[in-house]
Structures are given as C-alpha cells and as structure tokens.
Amino acid sequence: MAPQALHPVTTVLEQCHVSPSPAPAAGQPRALPLTFFDLAFWGLPPVQRLFFYANADLLEVSDFTLVELPKLKESLAAALHHFYPLAGKLTCQLAEVGVAPEPEVVFAHGDSVPLTVAVSGDDLEYLAGDHARNTTRLHPLLPALRRHRGSGSRSQEQDVLAVQVTVFPRAGICIGTTLHHAVADGSSYAHFLSTWAAIHRLGKKAPPAPLPLYDRAVVRDDAGLRDAFLRDHVALAAAGDDDGGLDGWDLSRRCLPGDVVVATFRFTDKQLRALGRHVESETSAPCSPYALACGAAWAGIVHARARHGDDASSSGAPFGFVTGCKPRANPPIPASYFGNCLGLCRVDEAASNERGLTAAAASAAIWRVIEELTEEGRALRDARGWVRSVREYASARAVTVAGSPKLRMYAAADFGGAWGRPRKVEIASVERTGALALAESGRDGDGGIEVGVALPRAEMEAFRAFYLDLFDRL
C-alpha cells in the first residue's frame, strides 16, 4: 500500500509513569552490578522493538483510553513487580568508567518506567507490511530513554526501559519499547514481555514461571573479563572512540533523511529446505535454518553494496552473530537468569571468492563457526577482545544479527483479548546497528524465519533482486 504522506502526524495524548505493583519484596537486591556479559554491550544503541496489533473494531481513541489502556497499565505494573530492575536506572555512563562506584543498575522506591500514549494519523497497514518502508515513518512510534542528573559521584543516570503505546483509530495499536542493551539480552527481554502479556491475558495471578533470577554470583569470571572490559572502555573513552566507531553502522547518519528503508524477507520452511540442499551440494555443509537465512542475507547485502559502488564493501563485509552462553558456561547459568549472557562470534571473510560472496559460501562459513561452539569453552575463548572487536566491526560495516527465532517474540507478545498475537514485530533499531532482525515467522502455517533488513533504498532494490533470484534458481 502506498504511503499517504511523508510525515503523518503523531500526537502525544499522555505521558505517565508505571511503577512495580506491588513493590518488590524487601529481600530482593536493589543494585545489580554489570557483569562482563553486560559490559560487552555497554555503549551500543538501545534495542527498539515495535509490535503492531490490528483490530478494526477499535473505532475511536476514546475506546482505547477508557477500556484497554487501564488494563495495559495494570498488567505492566504487575509484570514490573517481578522485573523491577527495568524500572530502575543505569548509574554510570561511558565517560565515568573507572570512577568509583562501578556501573550498576539500581532500583529505588518510587522508580518507574515512562509510558507514552499517542495517536497516529499514519497507516498501520503500511507500517506493518513486509515491503520497503521509510524508517522515518517508524520513529514517532519509538520512546526515548531519559537521562537524569545523578547524585553523589554520579554525573548522570539513565532509564533502563521506556514504553510507548500508539493508537491507530479504526485500525489497531502499536506497542514500542526501548531497552538499554547493557541491562538485558533478548532472552531476558522475552521473559519480561511474555510475563507482561500473560498477566494481561490471564490476570495478575498468571504465573511468570520461572521467576527471574538476579544472583550475579552465577556468572563466573575466572579470567577477569569484567576488569579487562572496564579498562578497554576507559581506553576507548580517553581516545575519543567511546562511540565514534559505532557510527560506521549507523545508516541514519550516513544517508540522507528519508533514504533508508526497512523491509522483511521471509524464508519459509520449504525455501530453507531447498536452500539447504543447494548449500550442502556446493559445500558439503549440512547447515541449520539459522545459518541458511543469515548466510543468504549476508551475501545479499554484500551484493547490494557492491552493485552500488560501495568501495568500502568491494571485498565483502565481515559477519558477526551472538550465541547464548547460559548452557555453555561452566557451570551452566540457569535459563531464568536476568541480564546479558551472550557470546560474540566472528565469521572469516575468506568465504568470498572471485565471483563475490555467494549464499552457499556464506551459509557454510557461518555453520562452521556454529559447529565449533560445541567445543567446551569455545564460546568464551576470544572474549577478552570483545569490547574492541565491536568497534572494529562497526568501522568495517560488518553485517551482524539482532534477535533470534528461538526467542519466539510473536508468541511472547500474545496479549490475548482484543489484540492476540502481533501482526508484525519489527526491530527498528537495526537502522542504527546495521543488523539483520531475525524472528520466527509470524504467519500461521508457513513456518520458517523472517529477516528484517534496513538499507538505503537503491541497495534494498538490489537486495530484493538477489533474494528473488536466489530462490528462482533453486
């Protein structure tokens, strides 16, 4: 569906704060130090997700604000009772690294999550589609994380989570969240979201099973990675590269306003099986669906950049992804642990050949790294260089991954009642991180993986042509 206006009006109706209700138990820890897993993602842009819910029975804004909004606030407050650190504050910024006290998430009585309620004049059908959409149309649906004047030795504090609910009259709603990446990874976020949705769907007594675990002692750091990461952050800040290297990923800074578009490409089970047979015949690698979807998207982006004279990508682009470290730690970390627990994985650029990077070569290269992770301790073998490698990858405009089909975000965000599962889940922050946005397919029955991609418009057209040609040839 064609856009109706370049900048449809979004009007803020209400800005309020939602506190945990009831307040967390007195015995719960009020301060959570950042672990080395958290510090690996410190300084990265926040993760921003949009959940679009279609409901043509929603006639007017008043229908929502009088009936549905109080339920959403109540269920959010009840979920925050269990996930109260999300209502707290991150008490140290990059420029303050090395200054005691060290960075941590602190919750105090009265802390809350900012909630914005807005009404949009835009077209929900357009915004929730798979086709290329202008990313500036998504910006009004995203809440910002507030900064606060700190106390004592802290010059600044920052919110951890912000939420926005935008009403589309006679169409539906969009729930947007902005989360500081140093506080929680996708698994912990999905745990919170599914708890919020379950309480909204089933009532306050809906079990959040299992309860989130906040004990930092379960994260062993025998190699002293936390101190090493803190030293690297200090050095990068002193060199003026605390976030400068990350700009290499940021399409919103490198392109003209309105030139960046986001689109979703679906890899059905049938397509992935066909691609898998092709890759195995070419490389002898029995790739997983994840490796196949990522490999095809990686090759497509390299192809699109080369087609449009991107000299920086003439020899390809590095690829990086994350792997869950909870079961790979020694001893294993409980699945209910709240925080980051991801390892960073790099893929050798040697997958390119004289014809450029093919989907088969890219998928096989990713699969070889995944296979290596079965070796005990492999996920953390190169961990000491993670902080610096993130900057290096950004400068090289690496292709990376956000989200995972394993998180099952469509299922986690099932609010039941008038909304049910979202029609579309979008990781809007890929505009700033250059990442592939992965999720399980949200369409009933077709299975597979959906991949969100943000690119300049001309590159997106080349990427789409690569995607269509790939499956036409299988």
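**Ground rules**

I am working with a predicted model, where local features need pLDDT of at least 70, side-chain atom pairs count only at pLDDT 80 or more, and totals for chains, interfaces and linings use all residues. I number residues from 1 along each chain as its sequence is written, and my side-chain values use heavy atoms, with hydrogens and water left out.

**Entry 1: cavities**

How many cavities of 30 Å³ or more are in the whole structure? I found five. A cavity here is a set of points, on a 1 Å grid over the protein atoms alone, where a 1.4 Å probe fits but cannot get out; lining residues have an atom within 4 Å of a point. Grid points are joined across faces, edges and corners, and the volume is the space filled by probe spheres set on the points.

I took the largest cavity to start with; its volume is about 120 Å³. I counted 17 lining residues, with Leu251, Arg305, Gly434, Ala454 and Leu455 nearest the centre. Two or more lining residues come from each of α6 (251-254), α8 (289-307), β17 (435-440) and β18 (449-456). I take helices (H or I, at least four residues) and strands (E, at least two) as DSSP runs, numbered from the N terminus. β18 gives the most to this lining, four residues. By class I get 11 nonpolar, two polar and four charged. Nonpolar covers Ala, Val, Leu, Ile, Met, Phe, Trp, Tyr, Cys and Pro; charged covers Asp, Glu, Lys and Arg; the others, Gly among them, are polar.

Then I checked the second largest cavity, at about 90 Å³. It has 13 lining residues, and Val425, Ile427, Ala437, Ala439 and Glu450 sit nearest its centre. β16 (424-427), β17 and β18 each supply at least two of the lining residues, and β16 gives the most, with four. The lining splits into seven nonpolar, two polar and four charged residues.

**Entry 2: helix α7**

Which residues of α7 are buried? I noted Leu272, Ala274, Leu275, Gly276 and Val279; buried means under 20% relative accessible area, exposed over 50%, partly exposed in between (1.4 Å probe, protein chains only). These buried residues pack against β12 (260-267), α8, α9 (359-372), β18 and α13 (457-472), with contact meaning heavy atoms within 4.5 Å. After α7 comes Ser284, whose phi is positive, near 65°.

**Entry 3: aromatic pairs**

My search of the whole structure gave 20 aromatic pairs. Rings of Phe, Tyr and Trp (its six-membered ring) pair if their centres lie within 6.5 Å; planes under 30 degrees apart are stacked, over 60 edge-to-face, the rest tilted.

I picked Tyr84 and Phe107: their ring centres are 5.5 Å apart and their planes at 70°, so the pair is edge-to-face. Tyr84 is in the loop between α2 (61-82) and β4 (89-90), and Phe107 in the loop between β5 (104-106) and β6 (113-120), so the pair ties together parts 23 residues apart in sequence. Both Tyr84 and Phe107 are buried.

I also picked Phe267 and Tyr467, with centres 5.4 Å apart and planes at 85°, so this pair is edge-to-face. Phe267 lies in strand β12 and Tyr467 in helix α13, so the pair ties together parts 200 residues apart in sequence. Phe267 is buried, at 2% relative accessible area, and Tyr467 counts as buried at 12%.

Last, I noted one aromatic cluster, whose members include Tyr84, Phe107, Trp196 and Phe415.

Terms used
1 Å grid on protein atoms, 1.4 Å probe; cavity = no way out; pocket = protein on both sides within 12 Å on 5 of 7 lines; lining within 4 Å.
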